[in-house]
Amino acid sequence: MYSVEVRSRIMIAHSLPDPFFGPAQNMHGATFIVDVAFYRVMLNDKNVVIDIGAALDVLNKALEGLSYKNLDTLPAFSGKLTTTEFLCRYIHGIIVREALAGAFGSDGGALSKIRVTLSETDLARASYEGPLSA
C-alpha cells in the first residue's frame, strides 16, 4: 500500500469539563500539528497516490473552521468533549466528504483509507484511520 502525507497546524482553545481530565477541565489552549495520510493500493497513471497540492488545499480547508477558535463556542461541538481523538475523527470526516465530492478528481475514489493524526507535543499524539465511506 502506498501513502502520501501532508501536514498543517492549528491553534485552538477549549475545555474538557469532566473530572477525568484534571486541570484540562478548565479553558486552555492547544497547538496541534495535523498530519493526514492518504493510502492507495495502486499508484495512478502519473505514479502518485494523490496530488500533494490538492491534499494540502483540502487539509487547510478542513482546518479553517477550527483554527484560532474557542471550540466550546462552536455549535457543532455543543455538549461534546473535544478531545484530541474526537478532533481526529471530526477532521477525517471533513476530508472524506471533500474526497467523495470530487476534491481530488478521480484519485479521490481510488483512495483506500485516510489517517488523521494530531500531535499535541513531541511526546503525545492521537489518530483516527478509516475508509472513505466513514
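What span should the 17 residues of H2 have at 1.5 Å a residue, and how far apart are its end C-alpha atoms? The helix should span 24 Å, and its end C-alpha atoms are 24 Å apart, which agrees. This comparison, like everything that follows, rests on a predicted model.

Five strands make up an open sheet with mixed pairing, and their order is E3-E1-E2-E4-E5. E3 and E5 (125–130) are the edge strands, each of them pairing on one side only. In general, the strands of a sheet pair through backbone hydrogen bonds, and the pairing may be parallel or antiparallel. E1 and E2 run antiparallel and are joined by 13 bridges. Along this pair, Tyr2 stands opposite Arg40 in E2, and Glu5 stands opposite Ala37 in E2. E1 also pairs with E3 (residues 69–70), here in the parallel sense and over 2 bridges. In this pairing, Ile12 stands opposite Lys69 in E3. Further along the order come E4 and E5, which pair in the antiparallel sense over 6 bridges. The two strands form a hairpin, with 5 residues between them.

Val34 is placed in strand E2 and is buried, with a relative accessible area of 0%. Not counting residues up to four places away in sequence, Val34 touches Val6, Arg7, Ser8, Arg9 and Ile10, together with Leu59, Leu63, Val116, Thr117 and Leu118. The C-alpha atoms of Val34 and Asn60 are separated by 9.9 Å, although these residues are 26 residues apart along the chain. Ser119, in turn, has its place in strand E4. Is Ser119 buried or exposed? Its relative accessibility is 12%, so Ser119 counts as buried, the limit for that class being under 20%. With neighbours within four places in sequence left aside, Ser119 is in contact with Thr31, Phe32, Ile33 and Asp35, and also with Ala124 and Arg125.

Helix H1 (residues 52–64) comes next. Its 13 residues reach 18 Å from the first C-alpha to the last, close to the 18 Å expected at 1.5 Å a residue. At the start of H1, a side-chain oxygen of Asp51 comes to within 3.1 Å of the backbone nitrogen of Gly53. The buried residues of this helix are Ala54, Ala55, Val58, Leu59, Ala62 and Leu63. Why do these residues lie on the same side of H1? They cover an arc of only 165 degrees around the axis, and this puts them on the same side of the helix. The buried residues of H1 pack against strand E1 (2–14), strand E2 (28–40) and helix H2 (84–100). H1 as a whole lies across E1, E2 and E3, running at about 20 degrees to E1.

H2 also packs on the sheet, where it touches E2, E4 (113–119) and E5. The direction of H2 makes about 140 degrees with that of E4. Which elements do the buried residues of H2 pack against? They pack against E2, H1, helix H3 (106–109), E4 and E5. Among the buried residues of H2 are Leu87, Cys88, Ile91, His92, Ile94, Ile95 and Val96. Just after H2, Gly102 takes a positive phi of about 100 degrees.

The loops hold two further points of backbone geometry. Most residues other than glycine have a negative phi. Asn47, in the loop between E2 and H1, has a positive phi near 65 degrees. With a relative accessible area of 60%, Asn47 is exposed. Tyr68 is found in the loop between H1 and E3, and its phi is near 60 degrees, again a positive value in a residue other than glycine. Tyr68 counts as exposed at 65% relative accessibility.

Technical notes:
Residues numbered from 1 in each chain as written. Predicted model: local features only at pLDDT ≥ 70, side-chain atom pairs only at ≥ 80, totals over all residues. Heavy atoms only, no water. Helix = DSSP H or I, 4+ residues; strand = E, 2+ residues; numbered from the N terminus. Expected span 1.5 Å × (residues − 1). Buried < 20%, exposed > 50% of the residue type's maximum accessible area, 1.4 Å probe, protein only. Arc of directions from axis to C-beta. Contact = heavy atoms within 4.5 Å. Polar contact = N/O pair within 3.5 Å; in protein donor to acceptor, adjacent residues only side chain to side chain. Pairing = 2+ DSSP bridges. Axes fitted to C-alpha atoms, helices over the stretch in contact; angles between N-to-C directions.
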